[in-house]
Amino acid sequence: MYSISKKIKIGKKALLQKDKFINEEAIPAAITRFVCCECGHENTVEISPYQSGFPIFQIYHDNKVLSKSELLNNQMINETSQRMQHYGELTVNDLPTLYFGTQCTACQAHYFCVFGYGEWQPGLEILKISGIWEYQELE
């Protein structure tokens, strides 16, 4: 799990085994699998609430890695509703939104994971993975 700081080009979206975890399903970690778009290898991703990931703002701030429109067009995030603007202008399901980079353990293809985690309503914590996309670093 690593942060991404160079410009990237988004590729195919990987097939995810499970993308939504509710309450205890995410504690101590949400564990899912994705299939590599390049070699077909099944990889495991483990997301620990309040420990995994980096703020999505780092990706679109000043178009550093991706633009807001690229994130929206690839359906990685949505515009945040007015009542939840304190989480930022772009989120997954109006939840605090994070991302991380990972690699296929077989062929080393690079992947970009975006997820939101937080309290959806009192007593209901949700971890929602919007997806895992293959990416290429641009020169």
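Which residues does leucine 138 touch, not counting residues up to four places away in sequence? In this model leucine 138 touches Lys7, Ile8 and Lys9, where contact means heavy atoms within 4.5 Å.

Before I go on, this is a predicted model, in which local features need pLDDT of at least 70 and side-chain atom pairs count only at pLDDT 80 or more, while totals for chains, interfaces and linings use all residues. Residues are numbered from 1 along each chain as its sequence is written, and side-chain values use heavy atoms, with hydrogens and water left out.

Leucine 138 lies in the segment after β11 (124–137), strands being DSSP runs of E with at least two residues, numbered from the N terminus. Leucine 138 and lysine 7 are 131 residues apart in sequence, and their C-alpha atoms are 5.6 Å apart in space.

Let me turn to glutamate 134, which sits in strand β11. Glutamate 134 is buried, meaning under 20% relative accessible area with a 1.4 Å probe and protein chains only, yet it has no salt bridge, which would be a side-chain nitrogen of Lys or Arg within 4 Å of a carboxyl oxygen of Asp or Glu. The nearest side chain of opposite charge, lysine 12, is 5.7 Å away, with Lys and Arg counted as positive, Asp and Glu as negative, and His and the chain ends not counted.

Finally, tyrosine 2 is found in the segment before β1 (8–13). Leaving aside neighbours within four places in sequence, tyrosine 2 is in contact with several residues, including Phe54, Phe100 and Tyr135.

Terms used:
Helices (H or I, at least four residues) and strands (E, at least two) are DSSP runs, numbered from the N terminus. Buried means under 20% relative accessible area, exposed over 50%, partly exposed in between (1.4 Å probe, protein chains only).
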